[in-house]
Structures are given as C-alpha cells and as structure tokens.
Amino acid sequence: TNSKTVTYRLGLGAVNPNYGIDEDTYTATGYIERRTDYADVTNSSNTGMDKPYDGNRSFADGYRYRIGLVSADGTTGVVDHGIELIANSISAAYQSPDVKRDSTGKVTTQDVYFSNFNIKDTNTTDGDDAGNYIVRTTDGTGTLTGNGTISPRTINVSVKQGPVKEYDGTTAIEGGNYVTAANINVDRTNLVANDTINVGLGSAPSYQHQNAGTGIAYTYDLNWDNSNYELAVDTAAAGQSLSKGGLDKSGKLTATLAGSNGTITKRVLTVESITAADKVYDGTTGVNNAAANIVLNN
C-alpha cells in the first residue's frame with residue numbers, strides 16, 4: 001500500500017560524545033510494493049486441451065486447474081501459507097469456435113488462451129494476505145497460451161435407394177434421382193443450433209462393373225460445405241460404408257459413400273424384321289442360316 005508510516009528511532013551511540021540528537025523519534029512515509037507471483041502451467045501440460053465442436057470458444061472447467069503459481073524465489077512467488085489461484089475465475093477460450101483443419105482437410109490443433117488470474121488466501125488466521133501479491137505471466141502479456149483440438153461432430157448419411165438401370169455397356173449410374181444428391185439421406189439432427197450443412201455430389205456416381213445383375217457395388221463421391229462436421233455412414237444402412245477424402249478444388253471436404261445393392265437389368269432386344277427364308281429344295285423343313293434372317297433392335 002502507499003503512504004505507509006515509517007518510524008525511525010535514532011541514536012548516535014558513542015561514536016562522538018560531542019553530539020546529540022534533537023529528537024530520538026522521527027516518522028516518514030513509504031510504500032510496500034506487492035510481491036509478484038507468476039502464473040504458469042504447473043499441472044500436466046498446456047497441450048491436449050480438447051473438446052467436441054459446440055459452436056463456441058468455451059473451455060472445459062477442468063483445464064483451468066492445469067494453471068498454478070510458480071514456486072517462490074528470492075524476490076517473487078508466494079511466501080505466505082494458503083495463497084492459491086482461483087481456478088474458476090480464470091478466463092479460458094479457444095482461438096476460434098470452429099474446427100481447425102490443415103491444407104489437406106485434416107483436423108489439427110489451435111491455440112487456447114488463459115487470462116484473468118486472481119488469488120485467494122485460504123488461511124486467514126493471520127489476516128488476508130492476498131492483497132500483498134500481484135499475479136503476472138513470465139512474458140508480461142498476462143496471457144498463457146497452450147493448444148488443443150476441437151473435433152468435428154458427426155452427420156450420418158446413407159444412400160436412399162440402390163441405383164437401377166438397364167444394361168448399356170457402361171458403369172455410369174443413370175436415371176432420375178439416382179444421379180443427384182436427392183438419393184442421399186442426410187441426418188441433420190446432430191447439427192448445432194443455427195448451423196447448416198449442404199451435402200452434394202462430386203464426380204458422377206458409378207457401378208463397380210457394367211454387367212447385368214443384382215447386388216452390384218457402387219460409389220457416390222460426396223462433398224459438404226461445413227468443416228465443423230464429418231460425414232459417417234448411418235449404422236442402419238446395411239451394406240454401406242464411407243471412406244474419408246480430403247479437399248476438392250473448391251475447398252469442400254470430400255468422402256466416398258459405397259453401397260452394394262445396385263441393379264443392372266438385362267437389356268431387352270426386339271425383333272426389327274425377319275427376312276425371307278428362301279432355299280433350294282432339299283427335302284427337309286429346315287431353314288438355312290435361320291439366325292441370319294432375324295434383325296434385332298435396341
């Protein structure tokens with residue numbers, strides 16, 4: 001505190017018997033400067049402070065207890081028993097409320113910040129000594145920086161209907177909703193309030209092979225526009241699987257959704273014409289080169 005009274009009691013002793021002091025007590029003023037405590041990470045570490053995406057920068061309370069006071073030395077640190085940080089008063093926040101990703105779309109860490117360090121005296125039998133200290137950080141900024149990861153939430157997707165087409169000699173999926181995002185179920189129940197997500201198709205969907213049959217495997221290349229989320233295949237979608245991709249040219253995340261219930265039906269051929277079945281009499285009813293007389297269409 002400022003303006004503390006300092007009392008001087010004076011005496012010359014036997015240094016020189018020819019002199020004396022006019023008054024043996026004098027007072028002046030002075031101040032006692034608060035002792036500096038340094039806050040730092042003293043428990044565990046300042047890494048791995050993670051949480052799932054929830055749309056804000058808020059921090060799990062438990063991480064605040066990683067911050068403590070550095071041990072005392074000759075001029076800094078606590079010298080009174082019972083002085084400790086008030087963990088719940090520490091301001092803690094992630095750098096961003098969003099999931100951070102690298103240039104390939106992979107989830108990565110981001111900075112987390114701690115500030116507003118206050119102390120309390122848990123042993124007040126000798127008075128409240130908290131006012132004798134000021135808390136700082138060693139770099140003088142008043143903020144401690146660590147890192148953690150905000151992990152994306154999951155949005156389930158599935159193919160609504162296995163694609164069906166008539167054999168055409170290609171692996172391309174054809175027909176109506178089969179070739180658009182309308183054939184993709186998107187379960188949005190896990191979205192954070194006010195968030196949106198749009199799931200679209202990248203390259204054209206395709207069958208594993210071009211031959212007629214049932215139970216044919218196929219793939220849909222998906223992309224989506226909200227990097228706070230990852231796609232996952234709906235567990236109720238039998239025979240479907242999803243593999244993660246990276247970023248497309250427009251910066252959207254990608255994944256491949258695969259199914260196994262595709263169908264390619266046989267192509268129906270029609271008879272366009274039958275040519276005259278002429279021959280030289282040979283005593284039989286047989287038609288020479290009968291198949292050559294049939295002209296097929298489609």
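Start by selecting Tyr65, Ile67, Glu84, Leu85 and Ala87: of the 14 residues that line the largest pocket, these lie nearest its centre. A pocket here is an open set of points on a 1 Å grid over the protein atoms alone, where a 1.4 Å probe fits, with protein on both sides within 12 Å along at least five of seven lines; lining residues have an atom within 4 Å of a point. Before going on, keep in mind that this is a predicted model: local features need pLDDT of at least 70, side-chain atom pairs count only at pLDDT 80 or more, and totals for chains, interfaces and linings use all residues. Residues are numbered from 1 along each chain as its sequence is written, and side-chain values use heavy atoms, with hydrogens and water left out.

Stay with the pocket and colour strands S5 (67-69) and S6, the elements that give two or more residues to its lining. (Strands are DSSP runs of E, at least two residues, numbered from the N terminus.) S5 gives the most, with 3 residues. The pocket's volume is about 150 Å³, counted as the space filled by probe spheres set on the points. Colour the lining by class and you get 7 nonpolar, 4 polar and 3 charged residues.

Next, select Phe117. Leaving aside neighbours within four places in sequence, Phe117 is in contact (heavy atoms within 4.5 Å) with Ala39, Ile67, Leu85, Ile90, Val135, Thr137, Gly142 and Leu144. Phe117 also takes you into the largest nonpolar core, which has 43 residues; Phe114, Phe117 and Tyr220 have the most contacts inside it. Such a core is a set of buried Ala, Val, Leu, Ile, Met, Phe, Trp, Tyr and Cys residues joined through side-chain atoms within 4.5 Å. Show strands S8 (110-115), S18 (213-224) and S21 (253-265), which are among the elements that give two or more residues to this core. S18 gives the most, with 5 residues.

Now jump to Ile274, in strand S22. Is Ile274 buried or exposed? Ile274 is exposed, because its relative accessible area is 60%; the cut-offs are under 20% for buried and over 50% for exposed, with partly exposed in between (1.4 Å probe, protein chains only). Beyond its sequence neighbours within four places, Ile274 is in contact with Asn293 and Ile294.

Last stop: Asn293, in the loop between S22 (270-274) and S23 (294-297). Asn293 is buried, with a relative accessible area of 13%. Outside four places in sequence, the contacts of Asn293 include Ser273, Ile274, Val287 and Asn288.

Methods. Helices (H or I, at least four residues) and strands (E, at least two) are DSSP runs, numbered from the N terminus. Ala, Val, Leu, Ile, Met, Phe, Trp, Tyr, Cys and Pro count as nonpolar, Asp, Glu, Lys and Arg as charged, and the others, Gly among them, as polar.
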